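Subject: Model handover

Hello,

The structure is below, for your files. My notes on it follow.

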Amino acid sequence: MAEPSLFNQTGIQLTLALMLIIIVAGLVIVVLKFLSIYSRILKQRESRELEKKMQSRSPEELHQYEGHKKELNQKPFDHQLSGNRPPSDEKGVIRNINAVEEFRIFPAKRRTSSFIKYISPELTKLILWFLGTAIVWLVIGTTFGLYAGIKYVVPDVEHTSWLSFGRLRPAHTNAVFWGWASLAMVGLSYYVVTRVSNRENYNIRQGYISLILINAAVLAGTISLLAGVNNGGGEYREYIWPIMITFGIGIAFSAHNLFRPVAKRTVKEIYISNWYVISGFMFVIVVILVGYIPVWQNGVGETITQGYYMHQAIGMWFMMINLGLMYYFLPQ
């Protein structure tokens, strides 16, 4: 009896369908990006043609044109649309009049360029390195997860020990936890803390040391897990302690860096994003020290440590940092 084809398996078909969706979505994004660039080129061409035409105009015509352009681009604020006079009801028809400072459903989001000077090219490059390496670990981690999912359906697709399900799964979860999510959060924290503190006061060298140590820890952890070297039974805590202590030292460098603009901020208040971000960096160092130093990890101590780690790693690192980022990026 002939063996069934690999592509007749439902799991393989679903996996291929998901991959096809991602490919199609990527192609759509590329096409939209191309159309956006093409539209920008057309606008630049029209702008150059308009400039040539304007050069032949008289000063009076230019002044009149600028006036019309300013009127067309003017956008009224909320109080200009609703008025700022107190409500009047001479006939007594209106009841329960409530006054608010602005229209609260869709307020005009006021942007300012006064913060741009606090994001230097050096800091921008550091942030992009954090985000870039985070994306690399996202691709690696999700690839591990995809292949582990294939092994649910076809467990005998190959018999390489380094790619066994028991090694792929922790390599997937830890690469996504500590590689993708953590590096992205650290990089965005450098941006947000600067913006809400109105000050850039970083040691860029320390930032790169943090970047290198975190990536080195995740790389060493991934290799060790695929080689079968792990913490032994601690779910989501599979990295051995020397590797995770290296990760914690990298986080400590960034934590020290992020304290600096907050301490020397040019605004009186400490914005809520900074409270969450700084707290997350402080807590995760404690979580790593408690969760990975092997002194108390014997018997019942191992169980207690695992319970502590599972709750605190999520609640005091991922939740804290993401709340801080959310308060900045979401519209106020």
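**Packing around Phe281**

Leaving aside neighbours within four places in sequence, Phe281 is in contact with Val186, Ser189, Ile251, Ser254, Ala255, Leu258, Trp317 and Ile321, where contact means heavy atoms within 4.5 Å. This is a predicted model, in which local features need pLDDT of at least 70 and side-chain atom pairs count only at pLDDT 80 or more, while totals for chains, interfaces and linings use all residues. Residues are numbered from 1 along each chain as its sequence is written, and side-chain values use heavy atoms, with hydrogens and water left out.

**Cores**

A nonpolar core here is a set of buried Ala, Val, Leu, Ile, Met, Phe, Trp, Tyr and Cys residues joined through side-chain atoms within 4.5 Å. Buried means under 20% relative accessible area, exposed over 50%, and partly exposed in between (1.4 Å probe, protein chains only). The largest such core has 46 residues, and Trp178, Tyr190, Phe247, Phe281 and Trp317 have the most contacts inside it. At least two residues of this core come from each of H4, H5, H6, H7, helix H8 (272-292) and helix H9 (300-329). H5 supplies the largest share, eleven residues. There is also a second, separate core of five residues, among them Ala148, Leu168, Ala171 and Leu226.

Helices are DSSP runs (H or I, at least four residues), as are strands (E, at least two), numbered from the N terminus.

Helix H4 (residues 121-153) has 33 residues and spans 48 Å from its first C-alpha to its last, close to the expected 48 Å; the expected span is 1.5 Å times one less than the number of residues. Buried residues of H4 include Leu123, Phe130, Trp137, Phe144 and Lys151.

Thr173 lies in helix H5 and counts as buried because its relative accessibility is 10%. The Thr173 side chain reaches the backbone oxygen of Pro170 at 3.1 Å, a polar contact (a pair of N or O atoms within 3.5 Å; within protein, one must be able to donate a hydrogen and the other to accept it, and residues adjacent in sequence count only if both atoms are side-chain atoms).

**Positive phi**

Asn198 is in the loop between helix H5 (165-197) and helix H6 (204-226), and its phi is near 60°, a positive value in a residue other than glycine. Asn198 counts as buried because its relative accessibility is 15%. Tyr236, in the loop between H6 and helix H7 (241-263), is not a glycine either but has a positive phi of about 60°. At 22% relative accessibility, Tyr236 counts as partly exposed.

Regards
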